[in-house]
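Me: I would like to go through a structure that is new to me. Could you take my questions one at a time?

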Amino acid sequence: MENNAKFNISSHIKNKLRRLRKDKLYDYSVFEPIPQDKKAAFRKAISRLAKEGVIVKVGNGKFYKKGQRGSISKEIVHIKPRRKEWLKRGYVPVENLKYRISSNLFWSNPKGKVPVENIIASIIKKGALDDLDFIRFSFGDNKVKEVFLKHFDIHSKPMVRDILGV
């Protein structure tokens, strides 16, 4: 980008977005290179696109393009994490999970620690809705959506997709 004066950040972002697949998790690095003097304009353009519903921001620096779905007119409730210490550490001691999850998914690791991403992926794979509520309230919707988009085809689990509002 040798001529930053004529660089239009909004058109740059829209051109990149056109080429991205829907319902796939991306981070902001797909828009690189952004000139240093255009970083504020970049943040504004991303916020504007999220407000318009072109993209959905998930977590810090991550987003996805929402595909076509049937119209669900209900308002989606956004849940914030209540177990921030588990998110900061990146793992949960198994003894804390033993009585909170409906079945013992981590029986082979009775005294160890399970990474947060593994817990979320295991519960989504199992498909228990009460355990889905546990992970949403413990880790927050953004982390659960991030893991769901990263590890699963969202069309194979439509009930989880609708609950999360993905």
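This is a predicted model: local features need pLDDT of at least 70, side-chain atom pairs count only at pLDDT 80 or more; totals for chains, interfaces and linings use all residues.

Me: To start, how many helices and strands are in the chain?

Reply: The chain holds 8 helices and 5 strands. Read from the N terminus, its elements follow the order α-β-α-β-β-α-β-α-β-α-α-α-α.

Me: And how much of the chain is buried?

Reply: Of the 166 residues, 38% are buried.

Me: Which residues touch the most other members in the largest nonpolar core?

Reply: They are Leu97, Ile119, Ile120, Ile124, Ile135, Phe139 and Phe148, in a core of 29 residues. Two or more residues of this core come from each of helix H4 (94-97), helix H5 (116-126), helix H6 (129-139), helix H7 (141-151) and helix H8 (158-164). The largest contribution is that of H5, which gives 6 residues.

Me: Which residues of H5 are buried, then?

Reply: The buried residues in H5 are Val116, Ile119, Ile120, Ala121, Ile123 and Ile124. In general, an α-helix has 3.6 residues a turn, so residues three or four places apart point the same way. After H5 comes Gly127, with a positive phi near 85°.

Me: What does Ile135 touch?

Reply: Leaving aside residues up to four places away in sequence, Ile135 touches Ile119, Ile120, Ile123, Ile124, Gly140 and Val144. Apart from this core lies another one, made of 13 residues, including Ile9, Phe31, Ala45 and Leu49.

Me: Changing topic: in what order do the strands of the open sheet run?

Reply: The order is S1-S3-S2, with 3 strands and antiparallel pairing. At the edges are strand S1 (26-27) and strand S2 (55-57), each of which pairs on one side only.

Me: How many bridges are there between S2 and S3?

Reply: S2 pairs with strand S3 (residues 62-65) over 3 bridges, in the antiparallel sense. Opposite Ile55 stands Lys65 in S3.

Me: Now the charged side chains. How many salt bridges does the count come to?

Reply: The count comes to 5 salt bridges. One of them joins Glu117 and Lys150, where the closest N and O atoms are 3.4 Å apart. Because Glu117 belongs to helix H5 and Lys150 to helix H7, this pair ties together parts that are 33 residues apart in sequence.

Me: Is Glu117 buried, exposed or partly exposed?

Reply: Glu117 has a relative accessible area of 22%, so this residue counts as partly exposed; buried would require under 20%.

Me: What about Lys126: which residue does it form a salt bridge with?

Reply: The partner of Lys126 is Asp131, with the closest N and O atoms 3.6 Å apart. Lys126 is partly exposed, at 38% relative accessibility, whereas Asp131 is buried, at 2%.

Me: And Asp141 and Arg136: are they buried or exposed?

Reply: Both Asp141 and Arg136 are buried. Their side chains meet in a salt bridge with an N to O distance of 2.7 Å. Elsewhere, salt bridges with shared partners join Lys62, Lys143 and Glu146 into one network.

Me: Last one: among contacts between residues at least 6 apart in sequence, what share joins residues at least 24 apart?

Reply: The share is 60% of those contacts in the chain.

Note on methods:
Residues are numbered from 1 along each chain as its sequence is written. Side-chain values use heavy atoms; hydrogens and water are left out. A nonpolar core is a set of buried Ala, Val, Leu, Ile, Met, Phe, Trp, Tyr and Cys residues joined through side-chain atoms within 4.5 Å. Buried means under 20% relative accessible area, exposed over 50%, partly exposed in between (1.4 Å probe, protein chains only). Helices (H or I, at least four residues) and strands (E, at least two) are DSSP runs, numbered from the N terminus. Contact means heavy atoms within 4.5 Å. Two strands pair if DSSP finds at least two bridges between them. A salt bridge is a side-chain nitrogen of Lys or Arg within 4 Å of a carboxyl oxygen of Asp or Glu.
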